[in-house]
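Dear colleague,

Here is the structure for your files.

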Amino acid sequence: MGWGPITWLLMSEVLPLRARGVASGLCVLASWLTAFVLTKSFLPVVSAFGLQMPFFFFAAICLVSLVFTGCCVPETKGRSLEQIESFFRTGRRSFLR
């Protein structure tokens, strides 16, 4: 389990149609670059600091991701793509009932 597949899920949910091509490419690029950096830095970090450092780093990333998801990612269940686009265009008020 990890945050990698979240990129694919969020792209289909929140990206507007007119920007989906370029934005999807940027999202995938960011996902692969972070996976590459994590893979290349894991062994040097473990050899320098031990196994606890990658664990604490992963825990911190999970905490930041959880806060980001709770604050910035809207609930899209039962919403049309137009409503989701309006949410990002006009502000957070359009989802409040």
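The notes below go from the overall fold to single residues.

This is a predicted model, in which local features need pLDDT of at least 70, side-chain atom pairs count only at pLDDT 80 or more, and totals for chains, interfaces and linings use all residues. Residues are numbered from 1 along each chain as its sequence is written, and side-chain values use heavy atoms, with hydrogens and water left out.

The protein chain has four helices and zero strands, in the order α-α-α-α (DSSP runs numbered from the N terminus: H or I of at least four residues for helices, E of at least two for strands). Of its 97 residues, 18% are buried (under 20% relative accessible area; over 50% is exposed and in between is partly exposed, with a 1.4 Å probe and protein chains only).

Helix α1 (residues 6-14) packs on α2 at about 165°, the axes being 10 Å apart (lines fitted to C-alpha atoms over the stretch in contact, with angles from 0 to 180 degrees between N-to-C directions). The pair is therefore roughly antiparallel (over 145 degrees; under 35 is roughly parallel, 65 to 115 roughly perpendicular and the rest oblique).

Valine 22 lies in helix α2 (residues 20-49). Its relative accessibility is 64%, so valine 22 counts as exposed.

Phenylalanine 87 belongs to helix α4 (residues 81-90). Phenylalanine 87 counts as buried because its relative accessibility is 6%. Between phenylalanine 87 and proline 74 there are 8.4 Å, C-alpha to C-alpha, at a separation of 13 residues in sequence.

Regards
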